[in-house]
Amino acid sequence: MTPASPASERFPVVVVGAGPAGLVLGSVLRDAGVGCLVLESETREFIERRPRAGVIEEWVVRGLERRGLARGLLERAQRHGECEFRFGGERFRFRYGELTGLHHWVYPQQFLVTDLVREYADVRGGAIRFGVRDVRLDGMDSERPSVSYTDPGTGERPTVECAFVAGCDGARGVTRAAMPADRVRTARLDYGIGWLALLAEAPQSADCVVFGMHPRGFAGHMQRSTDVTRYYLQCPPGDDPEAWSHRRVWAELRERLAAGGAPPLNEGRLIEKRVLDMHNYVVEPMAAGRLFLAGDAAHLTAPIAAKGMNLALHDAFLLGEGLVARLTKGDGDGLSAYSATCLRRVWDYQEFSQWLSEVYHGTASGDPYRAGTTLARLRRLFDSPVAAAAFAEQYLGARTVA
Ligand code: FAD
């Protein structure tokens, strides 16, 4: 027998998903005195430990700082102003910090999420429910939208009435499916490539991010913290991570990242090993009726250019401002412009990811024509100051203010 539904509650905004987008949005709303409820399907402990992103662009850091959300990041993150391309057995340093005056900040996503949960729930007193099941959206085209869910403790199905719903539940959530199919389209790109994503319990093996373009496939090195390093190895999509033994992983990394004068790799225990199938999608528009999507729920960029979380936070900043203006001053301009403003940046980053994918993967495509044009793109970065400046601007999202 299904337990009886308790009396319904009311919050101006229900946020589905406590990832970076949902938590930043919640904090912006709380800061302006707007009530909201965050519903998250996992436990707090789980989301505070889930490793994913690490590279945050300077404009995002400044956007977090302006909203009082960057204290931990500013204290603990590393700043990077250089990366290294390795190809043809040589190393090429790319000094984007010198070209732009801006940096990448390296701060593991789980550290940021931990800071954001604390700020939203413990400091700003935001309501949040963890471990909820079967979230369902109703009446998104009406004046009285609502969200219901199964409470993990009681098994009851509370209904929360609200004015707006923010779908911040990532790539595998439920809110994207609640968008009306006749008014929304989804554009997709499948690269047909897999990446073995690894976390190694080992200090970094270079003092910056390293991209290795090798006939055997792409390899990447990215510091996460002093004792954990992320590595990537291009592999067939759908490959079995268990086919990658410790010995095979490190042999392949050594071969693909080899270059004259490069320091040896610091080997360590592999604490994460999973295959990501590289694909992108964009939902257009990102809003319908009372439902607004943000972050990976609306658009996915494979981690090729490390853009996904940066875009998610951009959405959260804009959606937060739009909702605050609408709910506190009756000004709906920000909400009306939300989707178009976000999509401009989203498509810009999608295009850069696609361009960069060819740089990473063309050498190993088996097609000598693609290998040749890839090499030309790489050389141009180091031969042409104009090409270098354009790359640095895209790599850092340098034109964005949030
Ligand atoms: P998520 O972080 O996915 O959060 C969504 C939340 O919703 C989750 O907590 C989830 O548990 C919850 N949820 C899901 N379904 C439901 C439901 N039905 N009901 C309630 N809650 C639900 N991006 C960068 O910018 N830089 C990087 O360096 C970078 N590196 C990456 C490396 C890897 C290996 C991967 C996989 C991704 C990387 N990304 C990077 C992308 C980045 O991790 C994502 O873009 C980011 O997490 C998106 O944030 P979000 O808040 O939109 O979604």
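Helices here are DSSP runs of H or I with at least four residues, strands are runs of E with at least two, and both are numbered from the N terminus. This is a predicted model, in which local features need pLDDT of at least 70 and side-chain atom pairs count only at pLDDT 80 or more, whereas totals for chains, interfaces and linings use all residues. Residues are numbered from 1 along each chain as its sequence is written, and side-chain values use heavy atoms, with hydrogens and water left out.

**The ligand and its shell**

Display the polar contacts, defined as pairs of N or O atoms within 3.5 Å. At Met 309, a polar backbone atom is 2.8 Å from an oxygen atom of the ligand. At Asp 296, the N or O atom belongs to the side chain and is 2.9 Å from a ligand oxygen atom. At Val 55, a backbone N or O atom lies 3.1 Å from an oxygen atom of the ligand.

On its own the ligand has 1,000 Å² of accessible area, and the protein covers 92% of this; the areas come from the Shrake-Rupley method with a 1.4 Å probe.

**A sheet of three strands**

Move to the open sheet ordered β4-β8-β5, whose pairing is antiparallel; two strands pair if DSSP finds at least two bridges between them. Because β4 (55-57) and β5 (78-80) stand at the edges with a single partner strand each, one side of each has no neighbour in the sheet. Select β8 (residues 104-106), which three bridges join to β5. Within β8, Trp 105 is the bridge partner of Arg 79.

**A sheet of four strands**

Finally, select the open sheet ordered β1-β12-β11-β10, in which the pairing is mixed. Here β1 (9-10) and β10 (133-138) are the edge strands, each with a single partner, so one side of each is left without a neighbour in the sheet. Between them in the order, β11 (residues 146-150) and β12 (residues 159-161) pair in the antiparallel sense over three bridges. Zoom in on Val 147, whose bridge partner in β12 is Val 160.

Notes: A polar contact is a pair of N or O atoms within 3.5 Å; within protein, one must be able to donate a hydrogen and the other to accept it, and residues adjacent in sequence count only if both atoms are side-chain atoms.
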